[in-house]
Amino acid sequence: MEEKIIMGAEDMRRALVRVAHEVVERNRGVEDLLFVGILTRGVPIAQRLAGHIERFEGVQVPIGSLDISLYRDDLSHGARHLVRKTDLPADVVGKRVVLVDDVLFTGRSIRAAMDAVMDFGRPQSVQLAVLVDRGHRELPIRADYVGKNVPTALNEEILVRLAEVDGRDQVVIIEGEGRQPSRRGGER
Amino acid sequence: MKATRTAERSATLETLPVQGSRRRHILDLEDFNPKEIEDVLEMADGMSEVLRREIRKVPTLRGKSIVTLFYEPSTRTRASFEQAGKIMSADVINLAASDSSAGKGESLVDTARTLQAMGVDIIVIRHPMSGAPHLVARHTDVGVINAGDGSHAHPSQALLDIYTIRQRFGHLDGLKVVMVGDILHSRVARSDIWGLRKLGARLVLCGPPTLLPADAQAAFEAVGDDALSLETDLDQALRGADVVMALRLQKERQEAGLLPSQREYVRYYQVNEERMTLAKETALVMHPGPMNEGVEISHGLAHGARSLVEAQVSNGVAVRMALLYMLASGRESA
C-alpha cells in the first residue's frame with residue numbers, strides 16, 4: 001500500500017487559519033459559538049481552530065468533545081467502537097454549534113453527531129467544519145467550512161495524522177485499499 | 001491484519017481491536033483478559049456520562065430485544081439490567097420463573113429456544129444452578145449474560161465492584177482488598193477474585209474456616225500467584241486494608257451447621273466502625289447487597305462516609321450498559 005502526502009504541516013496550518021477566519025466571518029463574530037470536536041481527531045482540530053481565533057479575535061471560543069459511538073447506524077453490521085466520554089462544557093441551547101471533524105466522507109458520522117448534539121438541547125444552529133472533504137456522500141449532508149477538497153475513488157483512503165494524536169501533521173491518501181462504505185455501513 | 005491497521009485510520013471506523021474473536025457472551029470473568037476488563041471500565045465511563053444527562057436516553061440499541069430471565073429473585077441486578085437496556089432504547093422484557101412456563105415443566109433450553117425464535121437478541125439469566133447460562137449459550141444463538149449462576153459466577157457484579165474501586169482509588173494495582181464472609185458459597189466473591197487478581201490487587205479472603213475455600217491460596221500459589229491469602233482472624237486481615245467487602249450471610253449456612261450462631265458470627269466477623277480503625281484511614285467499605293445490617297455489616301458503616309454501596313448500585317447501571325453494548329455491537333441483527 002503506498003501513501004501519498006497530499007497536505008503537509010504548513011498546508012494544514014494555512015487551511016485551518018483560513019477556516020478559522022471563515023467561521024468568524026460567516027457568524028459575524030464569535031458570539032454564542034461552540035466548537036464540538038468529534039472524537040478522536042476532531043478534537044485537536046477544534047482546539048487549533050479556537051487557538052487561531054483567540055489570536056486574531058482575542059476571545060476564547062469554548063470547545064467540547066463528542067463521542068458518537070452510541071448514535072451510529074452500523075451497530076448490527078459488525079462494527080465495534082469503544083465508547084468514550086462526551087464532554088460538552090456549556091449548555092448547547094441557543095448556541096451556534098460548529099461540529100469539527102477530520103474527514104467528511106459518507107456523512108453518516110455527521111448525522112450521528114447531529115442527533116447526539118440535539119439530545120443535549122436545542123442549538124441555535126449547527127455548522128460543520130472539516131479538514132478534508134473526500135466526496136461520496138450517502139446522506140444529504142454538507143460541510144460549511146472545508147480545509148481541502150480531495151476527490152477520491154472508493155478504493156482509496158484518506159488518513160489524517162495530527163501531532164497531538166499521531167506525532168506529526170500530514171494528510172495522506174492511500175491507494176488500493178478502500179472499503180465499499182454503504183455495504184459495511186457507518187463510514188464518514 | 002485489519003485490526004492493527006485500523007488503529008491508525010482516521011477516515012474510517014475507529015474499531016477497537018479485540019483480542020481473539022468478538023465476545024458473544026458474558027458468562028464468567030475467568031476468561032476475560034486484563035485489557036478486556038479495562039475496555040469495559042472505559043466504556044462504562046462513557047455510559048456514566050449518559051446517566052448524568054438531563055435526558056438519559058441514547059438510541060444505540062434501538063430495535064434490539066433483551067429478556068431478563070430470572071429463576072431467582074433479585075431487586076438490584078434485574079432492575080439494573082432493565083434500566084441499562086431501556087436507557088439505550090432496547091426493548092426489555094422481564095420474565096420471572098414464577099410467571100413463565102417453567103412451572104409447567106418447560107426446560108431451560110426450551111425456554112431459551114422459544115425466546116430465540118421470537119427474535120430476542122440477548123438473554124440475561126440468573127439461575128440457582130451453576131452452569132445454567134453456559135447451557136443456554138451452548139444450545140442457542142442468542143447472546144447470553146450471566147446475572148448470577150449458583151455459586152459459580154456473577155461477572156457484572158464483579159465488574160461494577162472493580163469500576164467503583166477504580167473510580168475512588170484511580171487504580172487497582174497493589175491495593176489491599178479484604179473480602180469478609182461466606183466466600184465459599186459466594187459467586188460474587190469468585191468473580192471478584194478473578195477480576196481483582198487480573199488487575200493486580202492483593203486479596204485477603206476472611207471468614208470462619210467453614211466458609212472459606214480451603215485450597216484457594218494453594219491453588220493460586222501453584223501458578224505463581226502469591227497475592228491471595230486466607231485469614232480467619234478479621235482483625236489481622238483488616239490491617240492496612242484499602243477496601244473491605246462484606247458479603248451477605250445467609251441463614252441457610254447456620255441451618256446447615258456451618259456456623260454455631262449468628263451472634264457468634266457478628267462478634268467475630270462483623271465489619272464495623274471499630275474494626276475499621278485497623279484498616280487504612282482512607283479505607284472504604286463495599287457490599288454487593290442486599291445488606292443484613294447489624295449482621296455482616298454494622299448500620300453505621302452501611303450508610304456512613306466510608307460506604308461505597310450507593311456508588312456500587314449507580315455504577316451497576318453504567319457497567320451493565322457497557323456489557324449490553326459489547327454484546328449487541330458486532331452481532332448481525334437477529
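User: How are α1(A) and α2(A) set relative to each other?
Analyst: In this predicted model, α1(A) and α2(A) are roughly perpendicular to each other (angles of 65 to 115 degrees; under 35 would be roughly parallel, over 145 roughly antiparallel, and the rest oblique). Helices are DSSP runs of H or I with at least four residues and strands are runs of E with at least two, numbered from the N terminus.

User: What angle and axis distance do they have?
Analyst: Helix α1 of chain A, residues 9–26, packs against helix α2 of chain A, residues 42–57, at about 65°, and their axes lie 9 Å apart (axes are lines fitted to C-alpha atoms over the stretch in contact, with angles from 0 to 180 degrees between N-to-C directions).

User: Which residues meet there?
Analyst: From α1(A), they include A:L16, A:V17 and A:A20, and from α2(A), they include A:I45, A:L49 and A:F56, where contact means heavy atoms within 4.5 Å.

User: New topic: where are the cis peptide bonds?
Analyst: One joins A:L39 and A:T40, with omega about 10°, and A:T40 sits in the loop between β2 (33–38) and α2 of chain A. Another joins B:G289 and B:P290, with omega about -10°, and B:P290 belongs to the loop between β10 (284–286) and α13 (299–303) of chain B.

User: And what about phi at A:R28?
Analyst: A:R28 is not a glycine, yet its phi is positive, at about 55°, and this residue lies in the loop between α1 and β2 of chain A.

User: How does the numbering work?
Analyst: Residues count from 1 along each chain as its sequence is written, and chains are lettered from A and ligands numbered from 1 in written order. Local features need pLDDT of at least 70 and side-chain atom pairs count only at pLDDT 80 or more, while totals for chains, interfaces and linings use all residues, and side-chain values use heavy atoms, leaving out hydrogens and water.
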